[in-house]
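Subject: A structure to look at, with notes

Dear colleague,

I am passing on the structure that I have been reading, and I would be glad if you kept it open while you go through my notes. Please follow each residue in the viewer as you come to its name.

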Amino acid sequence: MAETAATAPLDPLEPRALVAPHHDDKSLNETLLDHVWRKPGKGWFMLLGLTISALGLLVIGVTYTLARGIGVWGNNQPVGWAFDIINFVWWVGIGHAGTLISAILLLFQQKWRTSINRFAEAMTLFAVMCAGLFPLLHTGRPWFAFWLFPYPSTLGAWPQFRSPLVWDVFAISTYLTVSALFWFVGLIPDLAALRDSSKTKLQRTIYGLFALGWRGSGRHWHNYKIAYLLLAGLSTPLVVSVHTIVSFDFAVSLLPGWHATIFPPYFVAGAVFSGFAMVITLIVPARKYLGLRDVITDRHLENMNKVILATGLIVSYGYMMEHFVAWYSQNQYEFWTFYVNRATGPYAGVYWLMIACNVITPNIFWFKKCRTSIPIMWVASIAVNIGMWCERFIIIVTSLSQDFLPSSWGIYTPTWVDWCIYVGTLGLFGTLFLLFLKFVPAVAVSEVKELQLELKHAAHHNTHGAH
């Protein structure tokens, strides 16, 4: 039997639907482009007002920081890295799911990626933009950030290529560039569809400009498929490499709690974990508001919850191995960090919240009822995002605040400027995402139509073969 909605309720052993079978090309066009053409509702305007208000906090925080310097942040001695790096790693992690869904699942021919890849790709772009703000501001003088790039300076000054912070510059900028290209190339056929269905000259001009003259000819499709596949191949190693390099910021140091060889795979798994959780957080309300239940089905949501469960177990294993190595190595500083400072120290509340959200919460997805319950998965996805933020806080702040020398220990407390910038990036992310939902098809129309044809062809073939 084919993978259609009509077959799903009949046999519990059959996979659930990927696309409701009653749709044809015309109805898919109407359904998937409807939210672009229709007037936004009050809910959209209220959310946009809320996110723009939060964005205002970012403007206030950044302006105050540029005027007074990063001394207005809560950073101190010994906690020289704090909210800036915590939020940088957190946002980069969230940005991982997009490329994973778009590139790796495409190469592995996983059909369930089709209806959710556009959401995840947009989320990746916006999350990486938010991430880039923090190290940029932490330089103190962001207008000199170009010094991080190798250029023919008259002073003969070059970046310190042995520093992982410089590796970050190249990793993040490459990731953002390739992700943007991948997102835009995938959009071209849908932008052409918007151009062709535009009702005003202005709309036709704008969408036509970005559609790059797409006419849907055989040659256009041939070039499109090759470009899309090449970008998928290029993006795949980036998924692994970017957060590996981010983990090197910590792993190459000698600080207790950071000096661990498990950091690269542990960070990558954590990034995918938080990225998929953010996709669930965004896609559950979006599919209801946009009327996309026929193409973003329960099977998509259940599969994403399975990925959250798998990566959550890897993250839990990473926590366990960190504690085991700290005990087995008999290194008193490592033992103190993991068994005393983190579990019972001044930030113990954040530590146990991290354990509750990242270790206990994903295990509810062993149960199918939880994997398929919309309210449960939505609340769990928010808990995972909170837990992953707490993880970055614990890794960075606990190790810096209590290191080798007790006389230099200190307590870190974020200031109102730290909170303004963090909440402001949430506002920036939300504003960009709402604008994306209004002006661009949230689901890849051409890919869903292609998938629908494949499923119908398979159903016909199986039916014909059965006779």
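Predicted model: local features only at pLDDT ≥ 70, side-chain atom pairs only at ≥ 80, totals over all residues.

Residues are numbered from 1 along each chain as its sequence is written, and side-chain values use heavy atoms, with hydrogens and water left out.

Salt bridges

The structure holds seven salt bridges, a salt bridge being a side-chain nitrogen of Lys or Arg within 4 Å of a carboxyl oxygen of Asp or Glu. In one of the seven, the side chains of aspartate 34 and arginine 38 come together with 2.8 Å from N to O. Aspartate 34 is partly exposed at a relative accessible area of 33%, and arginine 38 is partly exposed as well, at 27%; here buried means under 20% relative accessible area, exposed means over 50%, and partly exposed lies in between, with a 1.4 Å probe and protein chains only.

Another salt bridge joins glutamate 302 to lysine 368, whose closest N and O atoms are 3.0 Å apart. Because glutamate 302 lies in helix H10 and lysine 368 in helix H13 (residues 368-371), this pair ties together parts that are 66 residues apart in sequence; helices are DSSP runs of H or I with at least four residues, numbered from the N terminus. Glutamate 302 also forms a salt bridge with arginine 371, with 3.1 Å between the closest N and O atoms, and this pair again links distant parts of the chain, since arginine 371 in helix H13 and glutamate 302 in helix H10 are 69 residues apart. Through shared partners, the salt bridges join Glu302, Lys368 and Arg371 into one network.

A nonpolar patch

On the surface, Phe324, Val325, Trp327, Tyr328, Phe335 and Tyr339 form a nonpolar patch with about 630 Å² of accessible area together. Such a patch is made of residues with over 30% relative accessible area and no salt bridge, whose nonpolar side chains (Val, Leu, Ile, Met, Phe, Trp, Tyr) are joined within 5 Å. The elements that give two or more residues to the patch are helix H10 (298-328) and helix H11 (332-344), and the largest share, four residues, comes from H10. Tyrosine 328, which lies in helix H10, is exposed, with a relative accessible area of 60%.

Backbone features in loops

Between H10 and H11 there is a loop that holds glutamine 330, a residue other than glycine with a positive phi near 60°, and glutamine 330 is exposed at 63% relative accessibility. Leucine 212 likewise has a positive phi, of about 60°, although it is not a glycine; leucine 212 is found in the loop between helix H7 (201-211) and helix H8 (218-251), and it is exposed at 57%. Finally, the peptide bond from glutamine 77 to proline 78 is cis, with omega near 20°, and proline 78 has its place in the loop between helix H2 (42-68) and helix H3 (83-94).

With best wishes

How values were computed: Patch = residues over 30% accessible without salt bridge, like charges linked within 9 Å, V, L, I, M, F, W, Y side chains within 5 Å. Areas by Shrake-Rupley, 256 points an atom, 1.4 Å probe, with all protein chains shown as cover.
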